[in-house]
Amino acid sequence: MTTSSTSGRHRPARAASTTVPHTVRNAGRGDPAARGRLVDQLITDALRAGTAPAPDRARDGYVPTPEDLADELCDVPNTDLRFLPAGAVILEPSAGDGALVAAIRRANPAVRVVAVEPNPVRAAVCTADHQAADPAVQVHTSTFEQYAARATADGIMFDGVVMNPPFALPDDPHVWLDHVRMAWHLLRPGGWLVAVVPDSLSYRSGTQHADARAFIEHHGSHHRLPTGAFAASGSMSACRVVRLTKPLPGAAIGTEHLLSVPQHQPVRVAAPQLTGAAAVDLPVQVWFDGWSSGDRTVRYQGRCLLCRWLLWGRDDGDNDPRGVLGPFSAGLSLDPAEFGMAGPTVGLCPSCATNGTSYRTGYQQARQHWTTPHRSRPDR
Ligand SMILES: C[S@@+](CC[C@H](N)C(=O)[O-])C[C@H]1O[C@@H](n2cnc3c(N)ncnc32)[C@H](O)[C@@H]1O
């Protein structure tokens with residue numbers, strides 16, 4: 001009997017099981033013929049092996065993301081997916097039967113999706129449910145390791161990654177660490193990665209976990225999911241969500257939260273584009289605003305100190321997050337002048353600025369960049 005992890009998520013593998021795999025329970029929604037083929041294949045495999053299939057969770061870390069959580073992962077503040085332009089390419093590197101692929105397509109039907117899944121039955125379900133319906137979805141029946149090696153050799157990069165990787169495999173108890181690292185290397189500058197990971201990220205003291213924690217806290221943030229977030233998939237393990245953004249080329253490492261206003265020539269656009277790709281290619285944009293019958297300009301200014309969200313500001317100073325800048329507004333950033341101090345404005349996104357705890361944390365950290373202005377003594 002093998003035990004791949006002590007967490008409840010990856011229980012000891014049983015020699016034989018009468019459990020109906022989740023894949024089959026959900027297979028071929030809307031395609032009875034595909035469902036029939038999958039069931040036939042499972043029965044054939046079981047007869048050949050002389051046992052019923054081992055539980056998917058123990059064998060290959062299969063714990064599908066429930067629909068509500070999948071939609072949450074694909075939305076602000078976890079990712080900028082819904083703002084990406086048509087044709088942007090999103091990677092799902094361990095797609096299972098496609099719960100996250102479906103959520104990516106709901107969040108932004110205009111993006112392309114590359115889904116990778118080594119389990120042939122799950123990959124077939126994902127293909128039948130998504131690739132067959134939408135040629136913008138491409139399913140690769142492969143391990144992520146094999147796919148990543150090919151993509152790297154071919155120079156393929158992604159505008160975003162949404163992933164819930166296997167946490168542990170029988171021969172690799174921390175496989176998720178490698179999967180997050182490989183996905184990071186396939187992300188374009190300015191691109192966004194969101195991943196479900198084990199809660200152990202936050203407390204394990206071994207080098208692997210400590211290094212990953214430091215890297216993640218440098219390039220983004222992580223937060224705990226509510227207990228029972230995966231209860232619908234039969235797991236009560238504690239999980240976290242990691243959000244990472246790839247630095248822009250030329251950005252001074254670790255200082256992108258000290259806001260600056262680029263002075264490039266504005267490029268005319270039909271409507272403001274506030275994504276990572278735009279921060280690289282179009283850091284200053286001007287567009288015609290029909291409401292005010294005039295031109296408006298936005299500039300990429302930097303990132304949120306706490307969660308690394310991209311921040312943009314308008315030249316006319318109207319940075320109300322309820323307006324065109326939305327969650328990307330730099331308007332709630334920490335301005336030292338408001339506290340009687342001097343120094344750079346420190347980026348804070350609307351989401352972190354309107355949460356009392358994060359605001360206080362942000363303020364304490366921002367003060368380290370500020371000085372108290374020297375006041376000359378009054379003449380007697
Ligand atoms: C936790 S499940 C998540 C499935 C899907 N991402 C979701 O959120 O519903 C992890 C998936 O990773 C797959 N997997 C296992 N080893 C893998 C590998 N080496 N490369 C890519 N995927 C793998 C499993 O077959 C399983 O479908």
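Two strands are taken to pair if DSSP finds at least two bridges between them. Helices (H or I, at least four residues) and strands (E, at least two) are DSSP runs, numbered from the N terminus. On these terms, Ala 115 has Val 139 in S3 as its bridge partner. The model is predicted: local features need pLDDT of at least 70, side-chain atom pairs count only at pLDDT 80 or more, and totals for chains, interfaces and linings use all residues. Residues are numbered from 1 along each chain as its sequence is written.

Confidence was examined next. pLDDT is the predictor's confidence in each residue, from 0 to 100. The protein chain has a mean pLDDT of 88, with 87% of its residues at 70 or more. Over residues 1–23, pLDDT stays under 50. Where pLDDT is low, the predicted coordinates should not be read in detail.

Strand S2 (residues 112–116) and strand S3 (residues 137–140) run parallel and are joined by 4 bridges. Together with helix H6 (residues 120–131), S2 and S3 make a right-handed β-α-β unit. A crossover is right-handed if, with the strands pointing away from the viewer, the path from the first strand over the helix to the second runs clockwise.

An open sheet is formed by 4 strands in the order S8-S9-S10-S11, with mixed pairing. Its edge strands, S8 (267–268) and S11 (310–314), each pair on one side only. Strand S10 (residues 294–303) pairs with S11 in the antiparallel sense, over 5 bridges. Opposite Trp 312 in S11 stands Tyr 300.

The ligand is surrounded by 24 residues. A residue counts as near a molecule or strand if its C-beta atom, placed from the backbone, lies within 6 Å of it. The closest are Thr 65, Ser 94, Gly 96, Ala 99 and Asn 164. Helices H5 (99–107) and H7 (144–154) each supply at least two residues of this shell. By class, the shell has 13 nonpolar residues (Ala, Val, Leu, Ile, Met, Phe, Trp, Tyr, Cys and Pro), 4 charged (Asp, Glu, Lys and Arg) and 7 polar (the others, Gly among them).

Ala 212 lies in helix H9 (residues 207–219). Ala 212 counts as buried because it has 21 C-beta neighbours inside 10 Å. The cut-offs are 20 or more other C-beta atoms within 10 Å for buried, 12 or fewer for exposed, and partly exposed in between, with C-beta atoms placed from the backbone. Leaving aside residues up to four places away in sequence, Ala 212 touches Leu 177 and Leu 201. Contact requires C-beta atoms, placed from the backbone, to lie within 7 Å. The C-alpha atoms of Ala 212 and Leu 177 are separated by 7.4 Å, and the two residues are 35 residues apart along the chain.

Conventions
Contact = placed C-beta atoms within 7 Å.
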